[in-house]
Amino acid sequence: MKEIRRIVIDPGHGGENLGTISNENFVEKDITFLTAQTIYDELSKYDELEIYMTRTEDVDLSLKERAAFAEEVDADMVFSIHYNASESHLMFGSEIWVPLDAPGNATGYRFGEIFLSKMQDMGLHLRGIKTRESEETPGNNYYGIIRESHERGIPAVILEHCYVDAPDDISYVEGEESIIAFGKADAQAILEFVGLEPHSKEYESYTYPIDQVVPSTLKDNTPPEYCEIEVMDADYDNGLLSLQVTAVDSESTLLYYDYSLDGGETYSAIMAWPESNALTGSYADSFKLTIAVEHRTIPKVSVRAYNGFDLTSESNTISDFDGVFLDPVELLKEQQVEDSEEVGSEEESPLESYETVSLVKEEQKQEFTKAEVFVLLSLFVVLFIFFASILMMLLERRHKRKRRRKK
Ligand SMILES: [Zn+2]
């Protein structure tokens with residue numbers, strides 16, 4: 001690999017181009033700038049390096065202008081700084097986009113491995129080191145900064161640190177300190193990559209030939225080959241369903257799963273696939289998933305497996321349960337509603353332990369309810385009237401007999 005000494009840091013977006021805006025008043029162009037500024041400051045401490053930034057203020061710059069600037073300063077590599085967002089606002093994790101062609105591909109891969117490893121250390125889920133080909137002009141890179149830089153013979157990579165609109169990732173971008181932490185991690189990754197700091201880990205990619213494309217970076221066009229579920233346990237009384245989930249994708253890493261309880265109409269939030277590691281390409285072949293089923297329902301359950309390119313495969317659907325799932329907390333609430341209807345409005349905390357539910361039930365077995373007392377009383381009154389009338393009749397007859405005798 002060519003020695004990398006002249007480095008261009010590209011803070012994504014700028015000026016009118018805001019980039020991603022999340023609900024939390026997060027504007028990508030400002031955060032990428034703070035990240036880039038931190039990288040610049042960290043790398044400037046090394047005399048061996050020449051560091052440039054494509055923009056040093058909040059201005060609009062086209063991707064072509066950015067690449068042209070890199071060419072002007074005779075850059076060895078471009079690092080484009082970004083933060084991600086998804087349409088569903090559910091995706092989370094870090095990823096890096098690298099060039100389609102050699103030697104930029106393997107160069108990008110080597111850096112990507114160190115970068116993702118740093119993101120993993122920070123606790124982020126990994127989405128992989130990937131290429132994206134233009135659909136309009138096949139053979140070309142989809143991302144402008146990578147394409148324009150490639151045309152000028154400069155490898156460029158896009159660092160997508162995390163998703164700023166996802167509940168899982170949002171804490172990573174809260175406060176300036178968090179953004180500076182990303183900048184420092186990036187700088188450390190670059191220093192290890194260019195050989196000015198020792199590698200903090202063993203990186204397999206350094207054995208990859210630089211003149212070849214790394215197969216795992218190429219788009220996996222097919223969804224996971226296999227996804228199946230099996231019931232391990234149906235705990236109806238506690239509303240818990242345990243499944244054995246098994247899935248396979250031989251071309252890319254399984255990253256996430258979600259599940260449906262209504263036959264695929266709606267899905268749960270997306271969750272990290274157990275043991276998923278986009279760096280090593282490994283993931284759990286099979287895992288136990290325990291789901292809390294909605295109170296008094298019989299689910300139509302299925303699971304979706306997501307691969308490294310966000311393609312999904314849906315499992316078989318299971319709906320033949322021989323019981324109804326009950327939620328102890330909901331049961332207690334129902335019991336309380338019944339109680340308040342019967343006894344009046346006796347307020348109780350809605351969240352009581354399961355033990356209380358069974359206690360309440362025990363007590364009720366021994367006591368008569370108001371309705372039962374009413375029925376018993378009515379029966380008593382009816383019987384009283386009945387016997388009273390018979391008594392009256394008998395008395396009446398006796399009276400008549402006495403009168404007859406007198407005659
Ligand atoms: Zn961006």
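Helices (H or I, at least four residues) and strands (E, at least two) are DSSP runs, numbered from the N terminus. The structure is a predicted model, in which local features need pLDDT of at least 70 and side-chain atom pairs count only at pLDDT 80 or more, while totals for chains, interfaces and linings use all residues. Residues are numbered from 1 along each chain as its sequence is written.

Lys 400 is located in helix α8 (residues 370-406). Lys 400 counts as exposed because it has 10 C-beta neighbours inside 10 Å; a residue is exposed if 12 or fewer other C-beta atoms, placed from the backbone, lie within 10 Å of its own, buried if 20 or more do, and partly exposed in between. From C-alpha to C-alpha, Lys 400 lies 116 Å in space from Lys 184, and the two are 216 residues apart in sequence.

The protein is divided into domain 1 (6-217), domain 2 (226-314), domain 3 (329-364) and domain 4 (368-398), with bounds that come from an automatic or database domain assignment. A distance of 31 Å separates the C-alpha centres of domain 1 and domain 2. Eleven residues from domain 1 and ten residues from domain 2 take part in the contact, where two residues are in contact if their C-beta atoms, placed from the backbone, lie within 7 Å. On the side of domain 1 that touches domain 2, the elements giving two or more residues are α3 (104-121) and β7 (126-130); the largest share, four residues, comes from α3.

Strands β9 (residues 226-235) and β10 (residues 240-248) run antiparallel and are joined by nine bridges; two strands pair if DSSP finds at least two bridges between them. Val 231 stands opposite Leu 243 in β10.
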